[in-house]
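Please keep the sequence and the 3D view open while reading.

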Amino acid sequence: MVVNNNAAAVLLILSAIAAGREVVISRGELVEIGGSCRIPDVMMQSGCHLREVGTTNKTHIQDYESAIMPEQTGALMKVHTSNFKMIGFTRSVSVSELAKLGKRYNLPVIEDLGSSSLLPLGQYGIMDVPTAADSIAAGIDAVCFSGDKLLGGPQAGIIVGRTEYLNRMKQHPLARALRIDKLTLAALEGTLRLYLDPAKACVKIYCFAYAC
């Protein structure tokens, strides 16, 4: 599913999946993205209740598990800190760990990748850029990322994940308010078609004159 930007994607996911309930997220991932838009503010607008766990520099899987309450917890959430890095005495929970915890408690797990690519870019020196495919393979239920930035297309928010949750989003009242227009759709289609040939995408989008 595609909406007008990634902040809108986060808003729609939370509204459709966990409105009125708590969403558990690490303190170290309560980021501010472009335009002074902050994850806690988006969460509040979605009708969810923020449940912070861990500390700024260290969060463990036990922190998430201790915060789960059957009648109150609506989802577990992970946010990729794509605009900055914390180094040194740090610890974060991997997507696979969080996905396993969600399955154990029958809770949806959401990931906001922010700026992401459809191709692994480590060999070109662009490190630590997770792909939506990696997150889905790890068991994440709903993943969102920007259509512009590293993807190379127009401004948009792309949502992938389990059909059950995507259907909820498509039927949500916000879906129409956040939808993209036809020009954006055409530009995004043109961009995504380049990715059918990874070598062509490397040249046309990333300006790398050799095959991925």
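## Strand E7, covered on both faces

In this predicted model, strand E7 has both faces covered. Val109, Glu111 and Leu113 lie on one side, and every one of them is buried. Ile110, Asp112 and Gly114 lie on the other, and they are buried too.

E7 spans residues 109-114 and runs parallel to E6. Four bridges join the two strands. Two facing positions can be picked out. Valine 79 stands opposite aspartate 112 of E7. Lysine 78 stands opposite glutamate 111 of E7.

## The sheet around it

Strands of a sheet pair through backbone hydrogen bonds, either parallel or antiparallel. Here the sheet is open and has seven strands, with mixed pairing. The order is E1-E9-E8-E7-E6-E2-E5.

Which strands stand at the edges? They are E1 (2-3) and E5. Each has a single partner strand, so one side of each is left without a neighbour in the sheet.

## Salt bridges

Side chains of opposite charge can pair when their charged atoms come close. How many salt bridges does the structure hold? There are eleven. Three of them are described below, beginning with the pair of arginine 51 and glutamate 22.

Arginine 51 meets glutamate 22 through their side chains, at 3.3 Å from N to O. Arginine 51 counts as partly exposed, at 25% relative accessibility. Glutamate 22 counts as buried, at 14%.

## Two further charged pairs

Lysine 78, the residue facing glutamate 111, also forms a salt bridge with glutamate 29. The closest N and O atoms of this pair are 2.9 Å apart. Lysine 78 sits in strand E6 (residues 73-79), while glutamate 29 sits in the loop between E2 and strand E3 (32-33), so the pair ties together parts 49 residues apart in sequence. Are the two partners buried or exposed? Lysine 78 is buried, with a relative accessible area of 10%. Glutamate 29 is buried as well, at 5% relative accessibility.

Another salt bridge joins the side chains of glutamate 65 and arginine 104, at 3.2 Å from N to O. This pair links distant parts of the chain, 39 residues apart. Glutamate 65 is in helix H3 (residues 61-67) and arginine 104 in helix H4 (residues 95-104). Glutamate 65 is partly exposed, at 28% relative accessibility. Arginine 104 is exposed, with a relative accessible area of 55%.

## A charge over a ring

Aromatic pairs number zero. A ring does meet a charge, though: the charged end of lysine 58 sits over the ring of phenylalanine 89. The distance to the ring centre is 3.8 Å.

## Two buried polar residues

Threonine 73 lies in strand E6. Its relative accessible area is 1%, so threonine 73 is buried. A polar atom of the threonine 73 side chain lies 2.8 Å from the backbone nitrogen of methionine 69. Leaving out residues up to four places away in sequence, threonine 73 touches Arg21, Glu22, Val24, Ala67, Ile68 and Leu107. Glu22, in that list, is the partner of arginine 51 in the salt bridge above.

Serine 26 lies in strand E2. Serine 26 is buried, with a relative accessible area of 5%. What does its side chain reach? The side chain of serine 26 reaches the backbone nitrogen of glycine 28, at 3.1 Å. Beyond four places in sequence, serine 26 touches Val53, Thr55, Thr59 and Tyr64.

## After helix H9

Isoleucine 205 lies in the segment after helix H9 (198-204). Where does isoleucine 205 stand relative to lysine 149? The two are 56 residues apart in sequence and 11 Å apart in space, C-alpha to C-alpha. Isoleucine 205 touches Leu150, Leu151, Gly152, Thr191, Leu194, Tyr195 and Lys200, with residues up to four places away in sequence not counted.

Key: Residues numbered from 1 in each chain as written. Predicted model: local features only at pLDDT ≥ 70, side-chain atom pairs only at ≥ 80, totals over all residues. Heavy atoms only, no water. Salt bridge = Lys/Arg side-chain N within 4 Å of Asp/Glu carboxyl O. Buried < 20%, exposed > 50% of the residue type's maximum accessible area, 1.4 Å probe, protein only. Polar contact = N/O pair within 3.5 Å; in protein donor to acceptor, adjacent residues only side chain to side chain. Contact = heavy atoms within 4.5 Å. Phe/Tyr/Trp six-rings, centres within 6.5 Å; stacked < 30°, edge-to-face > 60°. Lys NZ or Arg CZ within 6 Å of the ring centre and 35° of its normal. Pairing = 2+ DSSP bridges.
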